[in-house]
Amino acid sequence: MRISAALLRWYDRARRDLPWRRETSPYRTLVSELMAQQTTLAVVVPYFQRFMARFPSLQALADASDEEVMAHWSGLGYYARARNLRRAAVAAVAEHGGALPDTEEALRRLPGVGPYTAAAVASIAFGARTFALDGNGLRVLSRLFAVEEAIDRPATRARLRELGTAEVPAARPGDFNQSVMELGALVCTPRHPRCDECPVARACAAHTRGMTATLPRRSPKPARPVVRVACALVTDGARLLLVKRGGGLLRGTWTLPEREADPAQAPAAARALAADAGLRAQAVDRRGVVRQIFTHRDVRAEVFRIEVGRARRAPGADLRWVSPAALGELGLSNYARKTIAVGLGQKPDNPAFRP
Ligand code: SF4
């Protein structure tokens, strides 16, 4: 039996019930695909539902402010995606009459829509016979075809895309793509693939050759540099001072003021953060350390609570006084949530902490 037939039969039986599968539209497919990259579905589902309730159409998203979109993305990570999603909605309204274009090529021209997302939306929403290669697909295909080259190499990805494309059936290409992703998420998992439950085990080269534990392979990664920062929860007794990030991965999100500093200089650096905003520290209290692994950095943030008097002047365009009760209205990264929690004397990973 062809791989696609076995996968589709399994998918019809085993696929998870997800809000964007229950009610489908190209827009819902686009949002779900962008939200689900690098994130577990358990996290994505409530975000997706809140997002759809507030922005039910491309027009509604195009009409919203960046600030509000970021607030609804707050905690999902990869914030450039949220900004680009809104820009894509603006482009769809301006250039395509408020709908998404229906070809992979035209989808690629929308802001923030890469090869994977364009192929996924084209196949799932418009029935295009194309292969969408994501992290799950890389793993599944490298095992199915026992590809031993490192999957992070462009040449290996191109080969895996070719192998996947050859399997895409003329009927139900979108379901086929989703079946590969679903197999990777539920059965062909990174550490312990459940080959005895796998619908394509008999066709799987890694399984028959006893290579499932060694595939996929990756190139050795250089160690992430450790970056130490001093982070200041500046408070006037009732409110916290937040700064809007002007660049980097967290651009556009709100965080506590911080700057790079060795542990020995961290208290002085934290005081200086308050002084930069025209505020004089009256009391400085070290609250703890937050560790956050980013793609290219391992950040250790030493958090200080700094009490200041009432501000005499407006803190500046990218600075804002916020009461703890209003934190939920801002776009906050998980990193910001953790540092604020520690600054407020709470546990950084307390799931109940939702500013
Ligand atoms: Fe993955 Fe095992 Fe299925 Fe092969 S047989 S695709 S390794 S789960």
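Tutor: Strands β5 (residues 281–293) and β6 are joined by eleven bridges and run antiparallel. The model is a predicted one. Within this pairing, Val289 stands opposite Glu302 of β6. The two strands form a hairpin, with four residues between them.

Strand β6 also pairs with β1 (residues 226–235), through ten bridges, and here the strands run parallel. One of the positions involved is Ala232 of β1, whose bridge partner in β6 is Phe304.

The peptide bond from Leu215 to Pro216 is cis, with omega near 0°.

Tyr78 has phi near 50°, a positive value in a residue other than glycine. Tyr78 lies in the loop between α6 (66–73) and α7 (80–96). Its relative accessible area is 36%, so Tyr78 is classed as partly exposed, the range between 20% and 50%. Ala146 is not a glycine either, and its phi is positive at about 50°. Ala146 is placed in the loop between α10 (135–144) and α11 (154–167). With a relative accessibility of 8%, Ala146 counts as buried, because the cut-off for that class is under 20%.

The space that the ligand takes is the largest cavity. The residues around the ligand are Arg143, Val187, Cys188, Pro193, Cys195, Cys198, Ala201, Cys204, His207 and Thr212. By class, this shell divides into seven nonpolar residues, two polar and one charged.

The remaining topic is the aromatic rings. A pair of aromatic rings is described by the distance of the centres and the angle of the planes. Searching the whole structure gives five aromatic pairs. One of them, Trp20 with Phe48, is edge-to-face, at 5.0 Å centre to centre and 70° between the planes. This pair links distant parts of the chain: Trp20 is in helix α2 (residues 19–22) and Phe48 in helix α4 (residues 41–54), 28 residues apart. Trp20 and Phe48 are both buried.

Phe131 and Phe176 form another aromatic pair, a tilted one, with 6.3 Å centre to centre and 45° between the planes. It too links distant parts of the chain, since Phe131 is in the loop between α9 (115–126) and α10, whereas Phe176 is in helix α12 (residues 173–186), and 45 residues separate them. Phe131 and Phe176 are each buried. Finally, ring pairs link Phe51, Phe55 and Trp73 into a cluster.

Methods. Residues numbered from 1 in each chain as written. Predicted model: local features only at pLDDT ≥ 70, side-chain atom pairs only at ≥ 80, totals over all residues. Heavy atoms only, no water. Near = heavy atom within 4 Å. 1 Å grid on protein atoms, 1.4 Å probe; cavity = no way out; pocket = protein on both sides within 12 Å on 5 of 7 lines; lining within 4 Å. Sits in = over half its atoms within 2 Å of the grid points. Nonpolar A, V, L, I, M, F, W, Y, C, P; charged D, E, K, R; others polar. Pairing = 2+ DSSP bridges. Buried < 20%, exposed > 50% of the residue type's maximum accessible area, 1.4 Å probe, protein only. Phe/Tyr/Trp six-rings, centres within 6.5 Å; stacked < 30°, edge-to-face > 60°.
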